[in-house]
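The following exercises concern a predicted model. Each task is followed by a solution in steps.

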Amino acid sequence: MISTKSVYRTLLCTSLLLITNLLITSLWASSSFAADELTYEIIAERTHKPILFTQGLLVEGDHFYETSGLYNQSLLVTYPIAEPTSTWAKISAPFTKKQTIPNQYFAEGLALLNNKLYVLTWMEKTLLVYDKATLNYEKSMSYAGEGWGLTTDGKALIRSDGSSRIYYHQPTDFSITKTLTVTNGDREMSQLNELEYVDGVLWANIWHDDRILKIDPHTGMVLAQLNLAALKAQVKLDNSEQVLNGIAWDPTRKAFWITGKQWPKMFLIKIH
C-alpha cells in the first residue's frame, strides 16, 4: 500500500521537475532572441560645442542641424560639418544660423522633411515647424503625450516618447497613423530617445544607456545593438546628465555621427 506521504513526495518531485524544465526553456527562448552585438570603428572626430544639450541631430548637405534642450535655453542651430583648423576657431566659431526657441518650451527631437524642420517639445505637447533655409518659425501643431526623439522615413514623422512605443505621424497635421512597441525578444525596450532612420532601419538611443538599438520599423523588433561605452569613455564628462544622445547619418561619408548632451566631441563611426 502506497502511503499518502509517498504520493505527495512524488507529486512534489514531478512539479519541481516541470517547473525547472519550464524555467530552462524560458531562459533558452529569451537568450535565443537576444539582439546581436554590433561592432564599430571611429573614422573621424571633431569638436562639439558643450553648450548644446543635444536632443536632435541630423546631417543635410555639408551642415549639421541640431536642437539643444533645457527650459529658457533651447535652441535650433546649424553649423558646418567641416570645422576650422585652428584650435581657437574650433572653440569660438559661430553657428551658421541660430534660432532661439521660446522659453516655455524644452526642445527635443528634430527631423527634416520637405525643407521643413520639425522640433518636438518635451512636455508642452507642441510640435514646432521651422523653415530649413532661414530657421524662421512657421507654425505649430499639438499632440498628446511627451516628445523625445524624432526622425522621418521620407513620408511619416516618427516619434519616441521615452517609453517602448514608437509613433508614426502624418506630417500635415501630426495625427498618429501607426504605433509600434519595441521589443528585444519578449522584453519591451523603454526609455527610447533620439531616433534616426536609414535605409529601412530605425536606430534609437536609450536614455542613460550607452547602447544604440537597431530596430525593424515594421515590427518593432530589435535586430541588433551597439554598445558605445568605450567611445563615451574617451570624452571628459562632468555630470551624469551628459548622456549619449545624437545619431546622424552622413550619406556622403556613409557613416554615423555620434555625440551626447554637452559633449565637447563628435565621432564619425562605421558600424559593422
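**Exercise 1. The largest pocket**

Which element gives the largest share of the lining of the largest pocket? Characterise that pocket as well.

*Solution.* 
Step 1. The volume of the largest pocket is about 330 Å³. Its lining comprises 19 residues, and closest to the centre are Leu 58, Val 59, Leu 112, Thr 152 and Glu 196.
Step 2. Two or more lining residues come from each of strand E3 (54–60), strand E7 (107–113), strand E11 (150–152) and strand E17 (192–198).
Step 3. The largest share, four residues, belongs to E3.
Step 4. Sorted by class, the lining holds 11 nonpolar, five polar and three charged residues.

**Exercise 2. The largest nonpolar core**

*Solution.* 
Step 1. The core has 18 residues; Trp 203, Ile 212, Leu 228, Leu 231, Phe 256, Ile 258 and Ile 269 have the most contacts inside it.
Step 2. At least two residues each are supplied by strand E18 (201–206), strand E20 (222–227), strand E21 (244–250), strand E22 (255–260) and strand E23 (265–271).

**Exercise 3. Leu 110**

Is Leu 110 buried or exposed?

*Solution.* 
Step 1. Leu 110 belongs to strand E7.
Step 2. Its relative accessible area is 3%. Buried means under 20%, and Leu 110 is therefore buried.
Step 3. Beyond neighbours within four places in sequence, the contacts of Leu 110 include Gly 56, Leu 58, Tyr 65, Leu 76 and Leu 150.
Step 4. Glu 194 is 84 residues from Leu 110 along the chain, and their C-alpha atoms are separated by 8.7 Å.

**Exercise 4. An aromatic pair**

What is the geometry of the pair formed by Tyr 71 and Phe 106?

*Solution.* 
Step 1. The structure holds 12 aromatic pairs. In the pair of Tyr 71 and Phe 106, the distance is 5.2 Å centre to centre and the angle between the planes is 80°.
Step 2. Planes over 60 degrees apart count as edge-to-face, so this pair is edge-to-face.
Step 3. Tyr 71 lies in the loop between strand E4 (63–68) and strand E5 (75–80), whereas Phe 106 lies in the loop between strand E6 (97–100) and E7, 35 residues apart.
Step 4. Tyr 71 is partly exposed at 31% relative accessible area, while Phe 106, at 9%, is buried.
Step 5. Ring pairs join Phe 53, Tyr 71, Phe 106 and Trp 122 into a cluster.

Notes
Residues numbered from 1 in each chain as written. Predicted model: local features only at pLDDT ≥ 70, side-chain atom pairs only at ≥ 80, totals over all residues. Heavy atoms only, no water. 1 Å grid on protein atoms, 1.4 Å probe; cavity = no way out; pocket = protein on both sides within 12 Å on 5 of 7 lines; lining within 4 Å. Points joined across faces, edges and corners; volume = space filled by probe spheres on them. Nonpolar A, V, L, I, M, F, W, Y, C, P; charged D, E, K, R; others polar. Core = buried A, V, L, I, M, F, W, Y, C linked by side-chain atoms within 4.5 Å. Buried < 20%, exposed > 50% of the residue type's maximum accessible area, 1.4 Å probe, protein only. Contact = heavy atoms within 4.5 Å. Phe/Tyr/Trp six-rings, centres within 6.5 Å; stacked < 30°, edge-to-face > 60°.
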